[in-house]
Amino acid sequence: MEDIPYWRANVPKDQWPAECPEFLLNLSERDQQLVGQLDKDYHRLTWPEVKKVIADNQLDRFVRVPSDLRRYLEYNAQLKKEHGSVMDYVVKERLNWIDLKPTDAAPFTDPHTTDIKILYNDWPYGIDERIVHLVVWTKFDLPDDPSTKELALDMRAQIDDYVDKTFCQAVPKENVIWFKNWKALKSIHSVEHFHVMLFDPDPNLIEEVTHGDIPLSRKMG
């Protein structure tokens with residue numbers, strides 16, 4: 001098998017770039033390895049594996065399919081050129097929020113609040129394609145416990161209750177799981193959010209909670 005540089009992996013030979021594209025320069029060694037892996041050799045995590053990753057707090061095991069990671073990096077580089085930062089794009093174009101100032105309502109208490117928005121993860125991880133990956137964005141803080149550097153227990157309880165009410169009325173509880181990324185793993189800082197994954201949910205539920213959202217990865221084909 002022909003040995004090729006990471007920046008040519010998963011690209012048809014007749015489309016190989018002559019040199020490394022700018023958006024793939026200066027990647028960490030780990031990202032170079034991930035981008036350089038062939039899609040055909042990639043293992044998508046199963047639902048039991050996804051649940052174990054979250055239960056074991058090994059969130060760094062969530063990575064994208066190599067070709068999707070390449071598209072993600074290319075798209076983010078373009079966003080930064082056009083919008084200044086990925087965060088600015090998300091706030092203005094995806095969340096359609098004018099500012100990040102929350103209302104006076106206590107977190108998760110008002111079912112009609114404008115402080116929360118549920119959208120698809122635009123660039124989902126390499127997981128079983130029956131798993132729907134959503135992101136719950138909030139204007140209010142999701143504080144960590146200073147002593148553990150992990151989500152505060154009272155906030156964890158509030159999120160548990162919110163996820164139960166929002167998703168588990170229509171999806172079996174064993175098919176719903178949520179997590180909040182470590183600060184080091186967040187791709188978008190300054191806007192609070194946590195992730196919800198659902199195994200094979202009713203598409204009507206997803207349509208309802210996301211108000212018909214379509215992830216960017218799907219829009220791009």
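G84 sits in the loop that links α3 (66-83) to α4, where helices (H or I, at least four residues) and strands (E, at least two) are DSSP runs numbered from the N terminus. At 55% relative accessibility G84 is classed as exposed; on this scale, buried means under 20% relative accessible area, exposed over 50% and partly exposed in between, with a 1.4 Å probe and protein chains only. The C-alpha atoms of G84 and N204 are 35 Å apart in space, and the two residues are 120 apart in sequence. The model is a predicted one, in which local features need pLDDT of at least 70 and side-chain atom pairs count only at pLDDT 80 or more, while totals for chains, interfaces and linings use all residues. Residues are numbered from 1 along each chain as its sequence is written, and side-chain values use heavy atoms, with hydrogens and water left out.

Helix α4 comes next. Its buried residues are V86, Y89, V90, V91 and R94. The buried residues of α4 pack against α3, β1, β2 and α7 (216-219), where contact means heavy atoms within 4.5 Å. R94 belongs to this helix, which spans residues 86-94, and has a relative accessible area of 8%, so it is buried. Its side chain makes a polar contact with the side chain of D213 at 2.8 Å. A polar contact here is a pair of N or O atoms within 3.5 Å; within protein, one must be able to donate a hydrogen and the other to accept it, and residues adjacent in sequence count only if both atoms are side-chain atoms. Neighbours within four places in sequence aside, the contacts of R94 include K117, L119, Y120, D122, I214, P215 and L216. Just after α4, N96 takes a positive phi of about 55 degrees.

The strands bring us to the enclosed part of the model. Strand β1 (residues 116-120) has four of its five residues buried, so it is largely enclosed by the rest of the structure. It pairs with strand β2 (residues 131-138) in the antiparallel sense over five bridges, strands being paired if DSSP finds at least two bridges between them. Within this pairing, I118 stands opposite V136, and K117 faces W137. Strand β2 also runs antiparallel to strand β6 (residues 192-199), to which eight bridges join it; here I131 stands opposite F199.

In β2, eight of the eight residues are buried, so this strand too is largely enclosed by the rest of the structure. In a regular strand the side chains alternate between the two faces of the sheet. I131, H133, V135 and W137 point one way from β2, V132, L134, V136 and T138 point the other way, and all are buried. T138, with a relative accessible area of 1%, is buried. Its side chain reaches the backbone oxygen of F140 at 2.8 Å. Not counting residues up to four places away in sequence, T138 touches W97, D115, I116 and E192.

A pocket is found on a 1 Å grid over the protein atoms alone, as an open set of points where a 1.4 Å probe fits, with protein on both sides within 12 Å along at least five of seven lines, and lining residues have an atom within 4 Å of a point. Of its 20 lining residues, P111, T113, I116, I118 and Y162 lie nearest the centre. The elements giving two or more residues to the lining are β1, α5 (153-167) and α6 (203-210), and α5 gives the most, with four. The lining divides into nine nonpolar, six polar and five charged residues; Ala, Val, Leu, Ile, Met, Phe, Trp, Tyr, Cys and Pro count as nonpolar, Asp, Glu, Lys and Arg as charged, and the others, Gly among them, as polar.

Two loop residues complete the picture. Most residues other than glycine have a negative phi. K149, in the loop between β3 (144-145) and β4 (150-151), has a positive phi near 65 degrees and is exposed at 66% relative accessible area. H211, in the loop between α6 and α7, has a positive phi near 55 degrees and is exposed at 73%.
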